[in-house]
Amino acid sequence: MSSARSSNPHRRHFLQVVAGAFTMASLGLPRRGRAADLPHVTESDATAQALGYSSDTRKVPTSKYPKHQPGQQCSKCSLFQGASSDEWGPCAIFPGKSVHASGWCSAFTPKQ
Ligand code: SF4
């Protein structure tokens, strides 16, 4: 005798869809797919200007941002939401946009 749960094809299909969606979310696939389509943050963006964002950390004027250190970049920031291999990725500071992995802003917070 089988249980009603395992023999109900609708429930089984629903569980397969949920499991598939959970697996995709766990792998970050939807997020990466969206990241590729996000507009890039530019230095002229108002928030970028307020935070001294540059898409190239090597161009950050240390005289203006003494906290900036060589080697600090978005891909090493805890607010960067892209994969380590992504050239561009979402950032919690710039919702709906992506920042360059080699960028930097004054909100830089090193990954632990
Ligand atoms: Fe880059 Fe971090 Fe600034 Fe976002 S918060 S722009 S990831 S340095």
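Tutor: Start with the chain as a whole: it has 112 residues, and 32% of them count as buried. Keep in mind that this is a predicted model.

Student: OK. How many helices and strands are in the chain?

Tutor: The chain has four helices and two strands. Read from the N terminus, the order is α-α-α-α-β-β.

Student: Now the ligand. Which residues surround it?

Tutor: The ligand has Tyr-53, Cys-74, Cys-77, Leu-79, Phe-80, Cys-91, Ile-93, Phe-94, Val-99, Cys-105 and Phe-108 around it.

Student: Take Cys-77, then. Buried or exposed?

Tutor: Cys-77 has a relative accessible area of 8%, so it is buried. Cys-105 also has a relative accessible area of 8%, and therefore it is buried. The cut-off for buried is under 20%.

Student: Change of topic. Where is Gln-72 found?

Tutor: Gln-72 is in the loop that runs between helix H4 (46–51) and strand E1 (88–91).

Student: Is Gln-72 buried or exposed there?

Tutor: Gln-72 is buried, because its relative accessible area is 15%.

Student: What does the side chain of Gln-72 join up with through a polar contact?

Tutor: The side chain of Gln-72 makes a polar contact of 3.0 Å with the side chain of Trp-104. A polar atom of the Gln-72 side chain also lies 3.1 Å from the backbone nitrogen of Gln-69.

Student: One more residue: Ser-44. Where is that?

Tutor: Ser-44 is in the loop between helix H3 (29–35) and H4.

Student: Why does Ser-44 count as exposed?

Tutor: Its relative accessibility is 58%, so Ser-44 counts as exposed. The cut-off for exposed is over 50%.

Student: Which side chain does Ser-44 have a polar contact with?

Tutor: The side chain of Ser-44 is joined to that of Thr-42 by a polar contact of 2.9 Å.

Student: And what separates Ser-44 from Ser-54?

Tutor: Ser-44 and Ser-54 are 10 residues apart along the chain, and their C-alpha atoms are separated by 9.7 Å.

Key:
Residues numbered from 1 in each chain as written. Predicted model: local features only at pLDDT ≥ 70, side-chain atom pairs only at ≥ 80, totals over all residues. Heavy atoms only, no water. Buried < 20%, exposed > 50% of the residue type's maximum accessible area, 1.4 Å probe, protein only. Near = heavy atom within 4 Å. Polar contact = N/O pair within 3.5 Å; in protein donor to acceptor, adjacent residues only side chain to side chain.
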